[in-house]
Amino acid sequence: MLGLMQSQPLLISSLIDFAERHHGDAEIVSRRVEGDIHRYRWRDVAVRARQVAHALDGMNLLFSDRVATLAWNGYRHLELYFGVSGSGRVLHTINPRLHPDQIAWIANHAEDQVLCFDMTFLPLVQAVHARCPTIRQFVALCDPDKLPADSGIPNLVSYEAWIGGQPAAYEWPSFDENSASSMCYTSGTTGNPKAALYSHRSTILHAYAAALPDVMCLSARDAVLPVVPMFHVNAWGIPYSAALVGAKLVFPGPAMDGKSIYELIEAEKVNYAAGVPTVWQMMLGHMKPNNLRFSTLKRTVIGGSACPPAMIHAFRDDYGVEVLHAWGMTEMSPLGTLCTLKNKHLSLPAEEQMKIRLKQGRAIFGVDLKIVGEGGRDLPWDGKTPGDLYVKGPWTVREYFKGEGGDPLVDGWFPTGDVATIDADGYMQITDRSKDVIKSGGEWISTIDVENVAVAHPAVAMAACIGMKHPKWDERPIVAVVKKPGAQLTRDELLAFYEGKVAKWQIPDDVVFVDAIPLGATGKMLKTRLREMLKDYHLPAN
Ligand code: ADP
């Protein structure tokens, strides 16, 4: 017997309809590429998203055709999120920090038909357009008078001319909720990039889940600043969840430096922000010397790479901001776990609570986790035994776009490539990427633990731990360190700082001071590049 409730497909267009009807006057504030601040409301987003849909129909774009963006976080990008997917096309957010060759490769692989780009990326588009034969229309996200006369890019139109004059009314099509809505290529540090292809259903379920109190806890009372880029797994789904709850959204545009982010938080009374650790490092680095305080910021979600304990402490103790440590990946839309306490933890002393907060957190409903050892055997949830982390659920990939890379699943589970422990309460802690794991004398050393101790030292700006071949122990850790500007620190001082903080055999064998640690397109440390940089390095004999 089937249930007798109405069957209505879960479609992204319903989010913008809802935001328009119920939260039409909630604000969307954007710092623009032009440098000024633009403000309007959810009801304006809805009108212009429908104009986008008309513009795409006018090009005779087919259902599921791909529309790409190379754009910062801003209101026009938001309109494309809803206009492209709502009308049945697939939004392909390209990471502009990728190498131009990779961008051209991705655009061809996705068979993008339209490319919408911020003027910041004009030189990039000039460099790649001739290699992207599938793109029929280039759209510069600007007013007509900002369009360069001789860009050399064929079929270039300004966004405002493109949607201007289009009717404000549009009937969103209804279709199967399993249809593709957007796509995002993984950074492809190994081999060619592969795309996660999200569906309307997976996106809406993820948007519901992300808004839950134990996840991002989003509501119509929030003013949310997604610093995490909209080209980075849909800004962790925040644009969709914000529409679902009617939150105010504040977009930083291209100004991601600490000063600009701090000023935007203060000016727009942001109470909630989300971003990767490197962004917050820059902001705290700006606030401390200038003795600045937050007047409204209360919570921040930090994920994308391990959030160092020193950062969680700084936010809590110095600024009264709660850090929610989150873990996820492109293949998971991206949210997997988020760290909030349970009722029974509330009576624990502060330092016991902190031990829990440092973990990557508990599974969100919709995400199943397990850790496996050799031979695919399930490992115990004892908080100590590390294993390969596997996931499954309705917003985790089943396969990559065009079947790239073959069948990624193992018995229906997706291997994340992360190594983690899970404790009896279900709190997961990442110890490493499997390719970064250091095995020393038969024991695993967590590079994240080694890095966390280093960045807790006041003279250290950034640290990356890698394994070096060792004749006796197989591998031993060393730590590459970038000092804070003007700071003094010697190798021996840093090694002494490890004493008592980790087991003796986990203390790195050496410290290498470097000017910078190479970062990938999503702001993560590129350990492959670091290993190349240190290829002539030899461990000290002892
Ligand atoms: P995103 O950076 O949006 O999470 P990616 O697909 O680029 O997505 O990267 C996913 C990988 O990033 C994870 O598999 C994991 O290795 C790492 N990662 C994400 N969040 C964390 C975290 N909180 N702690 C440690 N590693 C993390």
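This is a predicted model: local features need pLDDT of at least 70, side-chain atom pairs count only at pLDDT 80 or more; totals for chains, interfaces and linings use all residues.
1. Ground rules first. Local features need pLDDT of at least 70 and side-chain atom pairs count only at pLDDT 80 or more, while totals for chains, interfaces and linings use all residues. Numbering starts from 1 along each chain as its sequence is written, and side-chain values use heavy atoms, with hydrogens and water left out.

2. The ligand has 16 residues around it, and Ala-326, Thr-330, Asp-418, Arg-433 and Lys-524 come nearest (a residue is near if one of its heavy atoms lies within 4 Å). By class, that shell has six nonpolar, seven polar and three charged residues (Ala, Val, Leu, Ile, Met, Phe, Trp, Tyr, Cys and Pro are nonpolar, Asp, Glu, Lys and Arg charged, the others, Gly among them, polar).

3. Polar contacts (N or O pairs within 3.5 Å) are worth a look. A polar side-chain atom of Arg-433 is 2.6 Å from a ligand oxygen; for Thr-330 the figure is 2.8 Å, and for His-232 2.9 Å. The protein buries 93% of the 540 Å² that the ligand exposes when taken alone (Shrake-Rupley, 1.4 Å probe).

4. β14 (322-328) and α8 (233-236) each supply at least two shell residues, with β14 giving the most, four (DSSP runs: helices H or I, at least four residues; strands E, at least two).

5. The axes of α10 (258-267) and α11 (277-287) come within 8 Å and cross at roughly 80 degrees (lines fitted to C-alpha atoms over the stretch in contact, angles from 0 to 180 degrees between N-to-C directions). So α10 is roughly perpendicular to α11 (65 to 115 degrees).

Note on methods:
A polar contact is a pair of N or O atoms within 3.5 Å; within protein, one must be able to donate a hydrogen and the other to accept it, and residues adjacent in sequence count only if both atoms are side-chain atoms. Angles under 35 degrees count as roughly parallel, over 145 as roughly antiparallel, 65 to 115 as roughly perpendicular and the rest as oblique.
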